[in-house]
Amino acid sequence: QVQLVESGGGLVQAGGSLRLSCTYSGSIPSLNIMGWYRQAPGKQRELVALITSGGSTNYADSVKGRFTISRDNAKNTVYLLMNSLKPEDTAVYYCTLIVVYNYWGQGTQVTVSS
């Protein structure tokens with residue numbers, strides 16, 4: 001059974017930084033995609049960033065230049081470093097692991113105060 005466990009959310013002032021982590025357990029092919037989505041109150045879940053097992057990345061336009069996604073394949077872990085945070089970044093952030101099927105973490109709250 002595949003499980004994803006996220007950590008690192010919290011409350012931060014605008015302009016601040018946070019780093020999210022997500023570790024998966026279970027039997028997963030080495031070729032996979034990991035990433036982050038977010039969902040703000042009253043809005044649909046949206047893509048934040050993705051990274052392949054080979055290190056190729058994709059970012060939403062709204063976070064380009066501020067967020068950096070990375071992964072440690074040996075630790076089955078993906079990270080999201082979020083700099084220059086804005087109040088509009090406030091959301092529940094969900095880790096995802098994609099291998100044909102999307103696996104999801106439980107979500108971690110990020111709140112950015114103005």
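Cys-95 is buried, at a relative accessible area of 0%. Here buried means under 20% relative accessible area, exposed means over 50%, and partly exposed lies in between, with a 1.4 Å probe and protein chains only. The model is predicted, so local features need pLDDT of at least 70 and side-chain atom pairs count only at pLDDT 80 or more, while totals for chains, interfaces and linings use all residues. Residues are numbered from 1 along each chain as its sequence is written, and side-chain values use heavy atoms, with hydrogens and water left out.

The partner of Cys-95 is Cys-22, and the two form a disulfide with an S to S distance of 2.1 Å. A disulfide is taken as a pair of cysteine sulfur atoms within 2.5 Å. By this rule the count is 1 disulfide. Cys-22 lies in strand β3 (residues 18–25) and Cys-95 in strand β9 (residues 91–99), so the link ties together parts that are 73 residues apart in sequence. The link of Cys-22 and Cys-95 is left-handed, with -80° about the S-S bond. Cys-22 is also at 0% relative accessibility and counts as buried. In general, a disulfide is a covalent bond between the sulfur atoms of two cysteines.

The protein has 11 strands and 0 helices. Strands (E, at least two residues) and helices (H or I, at least four) are DSSP runs, numbered from the N terminus. From the N terminus on, the order of elements is β-β-β-β-β-β-β-β-β-β-β.

The C-alpha trace spans about 40 × 25 × 20 Å along its principal axes. The radius of gyration is 13 Å, which agrees with the value near 13 Å for a compact globule of 114 residues. This radius is taken over C-alpha atoms, and the globule rule is 2.2 Å times the number of residues to the power 0.38. Of the 114 residues, 43% count as buried. The protein exposes about 6100 Å², and carbon and sulfur atoms supply 49% of that area. Accessible areas come from the Shrake-Rupley method with a 1.4 Å probe; for residues, only the protein chains shown count as cover. Among contacts between residues at least 6 apart in sequence, 51% join residues at least 24 apart. A contact means heavy atoms within 4.5 Å.

Two strands pair if DSSP finds at least two bridges between them. Strand β4 (residues 33–39) runs antiparallel to strand β5 (residues 46–52), and 6 bridges join them. One of the partners is given by Trp-36, which bridges to Ala-49 in β5. The hairpin of β4 and β5 has 6 residues between the strands, and Gly-42 there takes a positive phi near 80°. β5 and strand β6 (residues 57–59) pair in the antiparallel sense over 3 bridges. Their hairpin has 4 residues between the strands, and Gly-55 in the turn has a positive phi of about 100°.

Most residues other than glycine have a negative phi. Ser-84 has a positive phi near 50°. Ser-84 lies in the loop between β8 (77–82) and β9, and at 42% relative accessibility Ser-84 counts as partly exposed. Val-100 has a positive phi of about 65°. Val-100 lies in the loop between β9 and β10 (101–104). Val-100 is exposed, with a relative accessible area of 87%. The C-alpha atoms of Val-100 and Asn-32 are separated by 8.7 Å, although the two residues are 68 apart along the chain.

Aromatic rings were paired by their centres. Rings of Phe, Tyr and Trp (its six-membered ring) pair if their centres lie within 6.5 Å; planes under 30 degrees apart count as stacked, over 60 as edge-to-face and the rest as tilted. By this rule the count is 2 aromatic pairs. Tyr-37 and Trp-104 form an edge-to-face pair, 5.2 Å centre to centre with 75° between the planes. Tyr-37 lies in strand β4 and Trp-104 in strand β10, so the pair ties together parts that are 67 residues apart in sequence. Trp-104 counts as partly exposed, at 34% relative accessibility. The rings of Tyr-101 and Tyr-103 have centres 5.1 Å apart and planes at 80°, so this pair is edge-to-face. Tyr-101 is exposed, with a relative accessible area of 54%, whereas Tyr-103 is partly exposed at 26%.
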